[in-house]
Amino acid sequence: MLDLMLSSTDRELDLIQLSALAFLPAVFALVLLLVPSGWKTAMRWTAVFGTALTLTVGLCTLVDYHTLLDSRSDRTTRSLYHPATRLDERADAQLAVSATGVGSYLSDDLVARRPWIPRFDVDYALGVDGISLVLVLLTAVVCLLAVIASWTIETNLRTYLILLLTLESGVLGAFLSLDLFLFYVFYEVMLLPMYFLIGLWGGGNRKYAAIKFVIYTLLGSVGLLAAIIALYSVNVRDFVPQDLVKQRAADLKRKDPALTDAKALQLAEVHTFDFVTLGKVGRAVMLALNHQEDRIQVARKKEQGTNEADLRRDRQGTPEPVLLLAEGVDREAAIARLKGQSVCTPTFQYVVFALLFVGFAVKVPIVPLHHWLPDAHVEAPTPISMILAGVLLKLGGYGLLRFAFPLCPWAAHQLAWWVGLIGVVGIVYGALVAMGQRDFKRLLAYSSVSHMGYVVLGLASWSGGADARYWEWAVNGALFQMLAHGVTASALFFVVGVVYDRAHHRDLTRFGGLKEPMPVYSGMSAILFFASMGLPGLCGFVGEFNVVLGAWKFNWGLAVCAILATVLTAAYLLWAWQRVYLGVNPATAAFPDVSAREVAVLLPFVLLSIALGVFPSFLVYQWAEPSVAGWVSQLAPLQ
Amino acid sequence: MPVSAEQYTSLRAVLGDHLMLFAPEVIVAGTVCVLLLLRLFKAFDKLHLNPVAAGPLVVALFLLGTQWSAYFDGSAGATAFSGLIRLDPFAAFLRGLLLVFALLALVLGRITGLPDAADSADYATLLLGGTLGMMLMASANHLLMVFLGMEMASLPCYALAGFLKGRRAGSEAALKYVLYGAAASGVALYGISLLTIKFGGGSFEAVAKGYADLARTSSLDAITAAGTLMLLVGFAFKLSAVPFHFWCPDVFEGAAAEVGAFLSVASKAAAVGLTVRFLMTVHGACADVTFVPKTVGVGVMVVAALTATLGNLAALAQTNLKRMLAYSTIAHAGYMLMAVATFTSDGAAAALFYLAGYLPTNLGAFAAVAAVRTATGGETLDHCRGLAKRSPATAVALTVFLLSLLGLPPLVGFAGKFQVFESVYSAGQSFGRLGSTTLEGGFYALLAVGVVNTVVSAGYYLRVLKAAVLDDSPDLTPRPPLQSGEGEKNQNPLPSPLRVGEGAGGWGLTAFLLLLAVAVLVLGLAWNPLLALTSKAVESLPGR
C-alpha cells in the first residue's frame, strides 16, 4: 500500500494525510513492539505521543477542511454550505478521475481513492466531511485522554497499549472510509481488541462481559455483511461515469469476442461498494417507488452552467427534478433498467434497511439490543469504558447517519415514525433503568442508552419540503449530541474510575461526603454531571435542544416524551450526585484529592463541555453544519 | 493392431508432452518408491527422512512453477493420456496447492517430531502417496480415474489415521475410517458403473453429453439418478458432508494433529476440486441452465446447509480441540459446498479461494494444537488454558487462525467467506432473473444459513480463544513454553508414538506458526494475486 501512495505519477497529499490519520495509531502499536520490556514509562509515553500525533493530524485535517469550505463559500450567507464541497460531489469527482484515468487527483479535496481489490470493485477510499470529522476528532481526543488515564495499568502493559492503539486505528479508519467494504473491514478490526481489553483487564465478571460484547456485535455485523453483499449486487451502471461502463463493455468483449459492440455495451454491468454511488441508487429507487420517476434526471456537464436551480427555473410548474443519473445516460433506458432490478422492490429496501439498522442499532445501542452495554461498561477498566462510551457507541450513530438512511431512504422514510419511537423508548427506558441502579458505572451505562436515544430520534425526524430545515436542526442536534455525549460520558466514566481507585467499590449507597476531602474533583464532576444533564450553557443542552426542536415538527408526541425524559435524566443524575458527593461519610474522609495526572484527564473534558456549550456554532456547527445541510438537502426533497 | 511409423512418432511426441506436464506426479511417485527402498537399509533408520522427501517435492513444485505461465497464459492445458486426466489451470492450481501443503506437512512433522526418525519413512511414504492420489483426483477427467484417485488418496489416509501405534483411539479411528471409506467407495463404484453403462463411456465428456441429452427431454431416469446419487455419496464422504460425516470427528480425535491437518485440508481440496469439475462439466453441457441446479443443485444446497449447520452446532459442545476442529472442518466443507451449489464460475473461483485460504489457516490451527500437545501433553480445552502466559507467540498465532476460521477481516478466512456469500447471493439474483423463484429463494435462504452459521461458529472459536488468552492455566505448574518430555511422563501418560523427540517444538514450531499467521494476514490483505489465479483457473472449466 505504501508504494501505492508514494508512486510519483499521481502523488496526492490528502491520500497520505488521511491514511496517516487512520494508520498512525497502528504504526505506533508496531513501534511499541520495539520498546524493551522493562521500560514501562517509555511505552506509556510512546502511546501518548502516538495518540497526540494522531490528534494533531486530525486538527490539521480540520484546518484543511475549513479552508476547503471557505474557498467555495461566497461569504454572503451565514452558512459555509456550497454544493461543490459536499462529500458526494468531491467523491464523484474523484471517481470520475479514477474511472477514466483522465485528469489528476486533487491534493486538497480531502478525498482519496485507489483500487484495492479490482476483481470485486473494492477501493481503498478515504474522505472526510463535517460529519465524520466531528467524530474523528472526538475519537482522537478521547483516545489520547484514555491513554493518560491508563497510567495505572501495570500488567501486560505493552499488549494493553498495542490493543488500544489498534482499536483507535480501526475506529478512525471506519469513520474515514468511503467504501462500504473498507468500512466493514475497519469495523471488524475493532471487535477483537475490545474483546481482549475487556476480557484481560476487566473486573470480576470480565470474560462473560467480553464474550457477550463480541457475540452481540458480531450478530449485528454479519447482518451488515449480508446487506453490503446485497448492495454490491446492484447494477449501478447508470450512476457512474459512462467511461467506466465502456471499459466494462470492452472487458466483456475481450472475454467473448463474438459479442457485438452494442450488445457488450448493453450487457455491461458495474457494481460498487462506494456508498456515494449507492446512495444515488437509493434515492432513485425512492422516487421510483413513490411513482415520481419523472423527477429522476440526467446530470449535465458542469461547464454548461446548468445546475438544479437553473433546471428548476426552466421547468416551472413541473415536479422538482433530482439529478441522479450520470452524464450521457439514456434516461428512459436507465429508469427501465432500474425498475427491472430487485433493488427497486419494497422487499429489498425493507430487508436491507432492517439489516443495516439492526447492525448499527447493536452498537448505538437501541433498546432491545442494548443488553451487552451495561455488562461491558461495568467490567471494562476505566479507560476502556471511556473509549466504549465515548467512541464506539458513536459508530452506531454514524452508521445510521451515513449508511442506513442514505442507502435505503425509501424504507427509512416509511419506517421513520417507528425508528423515532425506538429512539424515544430508548430515552425513557434508559433513564428509568438508570434511576434504579446502585452501581455507579451501571447507572452511567444506562444513561448512555438514554442519551444515544436522542441521536436516533434526531435522525428519524424526517420532515420534507418546506419543513426540511426542522429535520436539518434535528440531524445537527443528533450529530452534536454524539459529540457531547462522547465528551461527558467518557469524562464521567473517568470520574467513576477516580473514585473507584480510592474506594475500590462502585456502590452508590456506600459513597457520600466526597465534597469535603476532594473539592477540586467534586467541582469538576459537578460541571460534567450538569453537562450530561443538559443544563443550558453546557454541551449536553445544545444537542438535545436541537433534536427536540426538530422532532416537534415531525411528531409532537415523540418530542414531548423526549422533553419529559429530561426530567428523569435530571432526577437520576442529581440523585447520584447527592449520594456520592454530599453528606458526611467517615469512610471517604481520608481520600486524597485528584492528582496532577487525573486533572490532566479531567480538565480537558471540563473545558470542552463548557466551550462546546457556550460556542457550539463557532467550534462545531460552522464547519459541521454544511455537511448536514447537504445530507438533508439530498433526502428531504425526495418525499 | 499394428502402429504405423507416423502414428508412433506422433504418439511419442504427445506422450512426451503429457509426461512433461505430468512430471510433478511422476516425481512424487518416484519419491515414494525411493523412500520405500531406503527403508531396506539399516543406515537410514537413524535419519529423519522428512527432509529427504521434501527435496523432490520442491523439485516437483519448481517444475509445476515452470509450467505455470504456460497454463495461465493458455497455451497448455488439455486432456492428457487419451482423456483420462485433464491437466488444465484448474488442476494446476489444485496440484500446486496440494504440493505446497504436503511440503508444509513434512516440515511440520519434522518440527514436532510426530514421526520419529524410525517411522519417518513410513510417514513420508503415506503422506506422499496420499498426495499423489489427491493430485489425480484434482485432475481426473474419467470416472475410472475418479475411482482410482479416490482410492489412492484414501488408502494412505487410513494408515495415517492409525499412525499413533499402540493407541486405542488411533486404531479405532483408523478402523472406523476404513469401514466407512470402504463402504463409500463401494457405493461410488456402483454409481460409476451405472453411469458408465448408461452413457456408454466413463469420460466426463461422454457423461456430460448423456446428461445434456436427458436435459433436452427434461427427464431423469432411475438409473442415471441412482448412479449420480451414488457417485456423489462417494464425493460427500471425502468431503465429510452431512450425512456422511460420522467418521470425521472420531478419526480426527484419534489421529495425531498433524495427520488431522492433512486429512482436513488436502483431502478436502482434492474432493472439492473433483466435485467442482464433475458438476461443472455436466452443467456446462446442458443447454437448459436450470436443469442441473434444479436437480443435483438442490441436493447440494440442502447438503451444504445441513453440513454447515450441523458442523457448527456439534462443535459447540466439544471440549477436545481436535474434535472441535473436526466439526469445524465439516462446517467449512459446508461453506465450500455453498459455493459449489451455485454452478457458476464465480462460485467455483470462490471455492478455490476458500481452499487456498483454508490451507494456511487450518494447518496453522492444527499445528497450534500440536504445539499445545507438545507443551502440555494433552489436547483438550483445559490444556489450552493459560497458553498466552506460557507461550505468547503461539497464542497470537492461534488467535489469528481462529479468527480467520471465524471469518473476520482482514484475514484470509474472511476473503474466502465473502466470496462464497457473494457468489451465493448473485446466483440467487441470476436465477431470479431467469424466472426460477424457487432457486432464487433457495439461494437467499442458503445465504441466511451461512450468515447465521458464522455467528454460531463464534461460540466455539471464541471459547478456545478465551481459554487460551483470558483463562489462567488451571493446575499445571508453570513450565517453560513448548518444552516437554518430563511433563508428559509425570502427568499425562501418552503412549510412546507421541513421545516428543529432540528439538521438537521450541523455536522451530513457533516460527512455523508465526509464518503461517503472517501468511493468513497477508493473503487477507492482498487478495489480488490469488484472485487472478482462481479466476484464471476456473476459466478452464466448462460452464458459464
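**Exercise 1. Determine how many residue pairs are in polar contact across the interface of chain B and chain A, and which elements of chain B take part in that interface.**

Solution. Step 1: the rule finds six residue pairs in polar contact across the interface of chain B and chain A, both residues at pLDDT 80 or more. A polar contact is a pair of N or O atoms within 3.5 Å; within protein, one must be able to donate a hydrogen and the other to accept it, and residues adjacent in sequence count only if both atoms are side-chain atoms.

Step 2: on the side of chain B that touches chain A, the elements giving two or more residues are α17 (392-406), α18 (412-433), α19 (437-470) and α22 (528-539) of chain B. Helices (H or I, at least four residues) and strands (E, at least two) are DSSP runs, numbered from the N terminus.

Step 3: α19(B) supplies the largest share of that side, 10 residues.

The model is predicted: local features need pLDDT of at least 70, side-chain atom pairs count only at pLDDT 80 or more, and totals for chains, interfaces and linings use all residues. Residues are numbered from 1 along each chain as its sequence is written, chains are lettered from A and ligands numbered from 1 in the order in which they are written, and side-chain values use heavy atoms, with hydrogens and water left out.

**Exercise 2. State the buried area between chain B and chain A, and count the salt bridges.**

Solution. Step 1: about 3000 Å² is buried between the two chains, and carbon and sulfur atoms give 78% of this. Buried area is the accessible area (1.4 Å probe) that two parts lose on being put together, summed over both.

Step 2: in chain B, the most area is lost to chain A by Phe418(B), Val455(B) and Leu470(B), together 20% of what that side buries.

Step 3: the count of salt bridges (a side-chain nitrogen of Lys or Arg within 4 Å of a carboxyl oxygen of Asp or Glu) between chain B and chain A is two. Asp471(B) and Lys207(A) form a salt bridge through their side chains, at 2.9 Å, N to O.

**Exercise 3. Locate Ser177(A) and decide whether this residue is buried or exposed.**

Solution. Step 1: Ser177(A) sits in the loop between α6 (157-176) and α7 (180-189) of chain A.

Step 2: its relative accessibility is 1%, so Ser177(A) counts as buried (under 20% relative accessible area; exposed is over 50%, partly exposed in between; 1.4 Å probe, protein chains only).

Step 3: a polar atom of the Ser177(A) side chain lies 2.6 Å from the backbone oxygen of Gly173(A).
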